[in-house]
Amino acid sequence: MPVKKILKKSIAKREGKLFVVSAPSGAGKSTLCQRLIKNTQGVKLSVSYTTRERRKGERNNVHYSFIDEKIFKGMIRKGGFAEWAVVHGNLYGTSLGRLKEMNKKGYDIILDIDIHGAMQIKKSYKNAVYIFILPPSMNVLKKRLKGRNTDSGETIARRLDNAKDEIRHYKYYDYVIKNEDLEKAYREFESVILASRVKKNNIDQNWIDKLIT
Ligand code: 5GP
């Protein structure tokens, strides 16, 4: 088969790549994701819908789209979510419309979602890259959750309870990053993203065509 045809077959027109990032609460996932989108062009963080209370400093439609349960359930009925889950007693979901829109524009998308949401995404997005962030120990996780000062003692206890069950799911992910030293964890996280972006099947077909015609 001529090289051109082989390339056409194996390299699709460049569409946004999907990165699914999960971690127990307090592992440092949000810090890593925020830093990545600040430093890297063409990568966007998907803004989820949630029924949880807005924390101090959080902005609507920036950190989350904060909606009530009735609206959330209406969106479920209308098939508005690529995935959704109950996490720590609240509803969270990734909008299918937002995902498609960003993908069409060629953005790589980061989904900061829990393990149940990630397992749903796995069924329909075969080419997504799955990354799991872990704390070095449960003690460190506890300290980080307490130090955040954003959640009540009851919420922290619930999040710690859920952490072990979440960690057991690490085996369904492609990459596991230990966040002990933030700089090292960030370098590893960024490397995974950058390497995945230059995989052969993620390259712009038009650019290749121009090189060989
Ligand atoms: P937090 O309330 O601390 O912002 O997030 C709690 C958990 O919900 C985190 O593990 C986060 O990844 C997860 N989460 C955030 N958005 C979504 C979403 O759209 N879908 C799912 N399944 N989980 C989400």
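# Ligand site and selected residues in a predicted model

At 15% relative accessibility, Ala82 is classed as buried (under 20% relative accessible area; over 50% is exposed and anything in between partly exposed, with a 1.4 Å probe and protein chains only). Ala82 belongs to strand β5, where strands (E, at least two residues) and helices (H or I, at least four residues) are DSSP runs numbered from the N terminus. The model is predicted, so local features need pLDDT of at least 70 and side-chain atom pairs count only at pLDDT 80 or more, while totals for chains, interfaces and linings use all residues. Residues are numbered from 1 along each chain as its sequence is written, and side-chain values use heavy atoms, with hydrogens and water left out.

## The ligand site

The ligand is located in the largest pocket. A pocket here is an open set of points on a 1 Å grid over the protein atoms alone, where a 1.4 Å probe fits, with protein on both sides within 12 Å along at least five of seven lines. A molecule sits in a pocket if more than half of its atoms lie within 2 Å of the grid points.

Around the ligand there are 16 residues, of which Lys29, Arg52, Tyr64, Tyr92 and Asp112 come nearest; a residue is near if one of its heavy atoms lies within 4 Å. Sorted by class, this shell holds 7 charged, 5 nonpolar and 4 polar residues. The charged class is Asp, Glu, Lys and Arg; Ala, Val, Leu, Ile, Met, Phe, Trp, Tyr, Cys and Pro are nonpolar, and the others, Gly among them, are polar. Two strands, β5 (81-87) and β6 (90-95), each contribute at least two residues to the shell.

The side chain of Glu83 places an N or O atom 2.7 Å from a nitrogen atom of the ligand. Asp114 has a polar side-chain atom 2.7 Å from a ligand nitrogen. For Thr94, the distance from a side-chain N or O atom to an oxygen atom of the ligand is 3.4 Å. Of the 520 Å² of accessible area that the ligand has on its own, the protein covers 94%; accessible areas come from the Shrake-Rupley method with a 1.4 Å probe.

## Loops and backbone angles

His88 occupies the loop between β5 and β6. His88 has a positive phi, near 45°, in a residue other than glycine, and with 8% relative accessibility His88 is buried. Asn61 is likewise not a glycine, and its phi is positive at about 70°. The loop that holds Asn61 runs between β3 (48-50) and β4 (64-66). Asn61 is partly exposed, with a relative accessible area of 47%.

Pro24 is part of the loop between β1 (18-22) and α2 (29-39) and is buried at a relative accessible area of 1%.

Ser95 caps the N-terminal end of helix α4 (residues 96-104), with a side-chain oxygen 3.3 Å from the backbone nitrogen of Gly97. After α4 comes Gly106, with a positive phi near 85°.

Asp108 is a residue of strand β7 (residues 108-112) and is buried, at 0% relative accessibility. The side chain of Asp108 makes a polar contact of 2.5 Å with the side chain of Arg197. The backbone oxygen of Arg197 is in turn 3.2 Å from a polar side-chain atom of Asn202. Asn202 lies in the loop between α8 (182-197) and α9 (205-212), and its relative accessible area of 6% makes it buried.

## Distances between residue pairs

Two further residues are in helices. Leu145, in helix α6 (residues 138-148), is buried with a relative accessible area of 1%. Ile76, in helix α3 (residues 69-77), is partly exposed at 27% relative accessibility. The table sets sequence separation beside C-alpha to C-alpha distance.

| Pair | Separation in sequence | C-alpha to C-alpha distance |
|---|---|---|
| Pro24 and Ile167 | 143 residues | 6.9 Å |
| Ala82 and Ile177 | 95 residues | 25 Å |
| Leu145 and Ile71 | 74 residues | 30 Å |
| Ile76 and Tyr107 | 31 residues | 25 Å |

Methods. A polar contact is a pair of N or O atoms within 3.5 Å; within protein, one must be able to donate a hydrogen and the other to accept it, and residues adjacent in sequence count only if both atoms are side-chain atoms. On a 1 Å grid over the protein atoms alone, a cavity is a set of points where a 1.4 Å probe fits but cannot get out, and a pocket is an open set with protein on both sides within 12 Å along at least five of seven lines; lining residues have an atom within 4 Å of a point.
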